[in-house]
Amino acid sequence: MFFALTEHGVVGRALSAGKLPGRANSNIDFRVWNPRDFTEDKHKTVDDRPYGGGPGMLMMAKPLATTIAAIREFRGGFDNNNYRAKVVYLSPQGRKVNQTLLGAALSENIILLCGRYEGVDQRLLDAEVDEEWSIGDYVLSGGEIAAMAVVDALVRLVPGSLGNSESVNQDSFSEQIDGLLDCPHYTRPEEYSGMAVPEVLLSGDHGAIEQWRREQSLIATEIKRPDLLNKKD
Ligand code: ADE
């Protein structure tokens, strides 16, 4: 599944930057780990039936714990005990991910734990997980798509990862625009389907353009996400 993230677009290029000749490693080192590779039985079992009955299967604690230990060992090497990584379990019960949360996470090593089936044995969560994150109030059939959303959003915050670092500063929610929504954008032609590009954008007056964009950000936020205007987050 993660090829969708690693093999495409600016995020894919940023994630593989370390492997590209002539490109400096951009401090992003992303790796996918499969718990099946850390099982000991010939069927590579990672799931089992829930105690107490009920539908579906659960992910077993042991293969996940072994995988997490292997990640820590791989990253930490001999200095294993000094390697710090936060384990984040992706689940609809978690804290809602937003730009502020991601910005704070940027300076940390993170192990994103993706559940499958009906979930994960609670004992693994109790023993290993530091935080639980959700990407919204809907249920996905596994944590992978949520993890990809998180990694995509994180990567674009890493300076230099996108080529044009300015574009991140103008993203919706960014601090540079005070957490507001982005303003509307226009490209050629000057007239499309009877609709003209706002004149100020053709004026060359950078001060006026900046002011217009600010106003438009405020208007967009007021109309589409009024909840953002009074938020102190
Ligand atoms: N796994 C399943 N649903 C999810 C969600 N909404 N957010 C994060 N992880 C999930």
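Predicted model: local features only at pLDDT ≥ 70, side-chain atom pairs only at ≥ 80, totals over all residues.

Trainee: Where is Ser193 in the fold?

Mentor: Ser193 is in the loop between β6 and β7, and β7 covers 195–196.

Trainee: What about phi of Ser193?

Mentor: Phi is near 50° there. That is a positive value, and Ser193 is a residue other than glycine.

Trainee: Which loop holds Asp178?

Mentor: Asp178 is in the loop between α7 and β6. Asp178 is not a glycine, yet it has a positive phi of about 55°.

Trainee: Buried or exposed, that Asp178?

Mentor: Asp178 counts as exposed because its relative accessibility is 53%, and the cut-off for exposed is over 50%.

Trainee: What kind of peptide bond joins Arg188 and Pro189?

Mentor: A cis one. Omega is about 5°. Pro189 sits in the loop between α7 (165–169) and β6 (191–192). Asp178 belongs to the loop between α7 and β6 as well.

Trainee: Let's switch to the ligand. Which residues are around it?

Mentor: The shell consists of Leu90, Ser91, Pro92, Trp133, Ser134, Ile135, Gly136, Tyr138, Val139, Leu140, Gly142 and Ala146.

Trainee: How does that shell split by class?

Mentor: Eight residues are nonpolar and four are polar. There are no charged residues in the shell.

Trainee: Which strands supply at least two residues of the shell?

Mentor: β3 (86–96) and β5 (131–134) each do. The largest share comes from β3, with three residues.

Trainee: How far is a ligand nitrogen from the backbone of Ile135?

Mentor: A nitrogen atom of the ligand is 3.0 Å from a polar backbone atom of Ile135. For Gly136, a polar backbone atom is 3.0 Å from a ligand nitrogen.

Trainee: And what distance do you get for Tyr138?

Mentor: A backbone N or O atom of Tyr138 is 2.7 Å from a nitrogen atom of the ligand.

Trainee: How much of the ligand's accessible area does the protein cover?

Mentor: On its own, the ligand has 260 Å² of accessible area. The protein covers 96% of that.

Trainee: Back to the shell. Where is Ser134 placed?

Mentor: Ser134 is in strand β5. Ser134 is buried, with a relative accessible area of 2%.

Trainee: Which strand is Lys86 in?

Mentor: Lys86 is in strand β3.

Trainee: Why does Lys86 count as buried?

Mentor: Because its relative accessibility is 14%, and buried means under 20%.

Trainee: What does the side chain of Lys86 contact?

Mentor: The side chain of Glu131. The two are joined by a polar contact of 3.1 Å.

Trainee: Now zoom out. How is the chain divided into domains?

Mentor: Domain 1 covers 3–157 and domain 2 covers 170–230. Their centres, taken over C-alpha atoms, are 36 Å apart.

Trainee: How many helices and strands are there?

Mentor: The protein chain has eight helices and seven strands. The radius of gyration is 22 Å, well over the 17 Å that the globule rule gives for 233 residues, so the chain is more spread out than a compact globule.

Trainee: What box do the C-alpha atoms fill?

Mentor: Roughly 70 × 45 × 35 Å, along the principal axes.

Trainee: What share of the residues counts as buried?

Mentor: 34% of the 233 residues. Ser134 is one that is buried, and Lys86 counts as buried too.

Trainee: One last residue. Where is Leu218?

Mentor: Leu218 is in helix α8, residues 206–224. At 37% relative accessibility, Leu218 counts as partly exposed.

Trainee: How far is Leu218 from Leu181?

Mentor: Their C-alpha atoms are separated by 7.4 Å. Along the chain, Leu218 and Leu181 are 37 residues apart.

Definitions and conventions. Residues numbered from 1 in each chain as written. Heavy atoms only, no water. Near = heavy atom within 4 Å. Polar contact = N/O pair within 3.5 Å; in protein donor to acceptor, adjacent residues only side chain to side chain. Areas by Shrake-Rupley, 256 points an atom, 1.4 Å probe, with all protein chains shown as cover. Helix = DSSP H or I, 4+ residues; strand = E, 2+ residues; numbered from the N terminus. Nonpolar A, V, L, I, M, F, W, Y, C, P; charged D, E, K, R; others polar. Domains from an automatic or database assignment. Rg over C-alpha atoms; globule rule 2.2 N^0.38 Å. Buried < 20%, exposed > 50% of the residue type's maximum accessible area, 1.4 Å probe, protein only.
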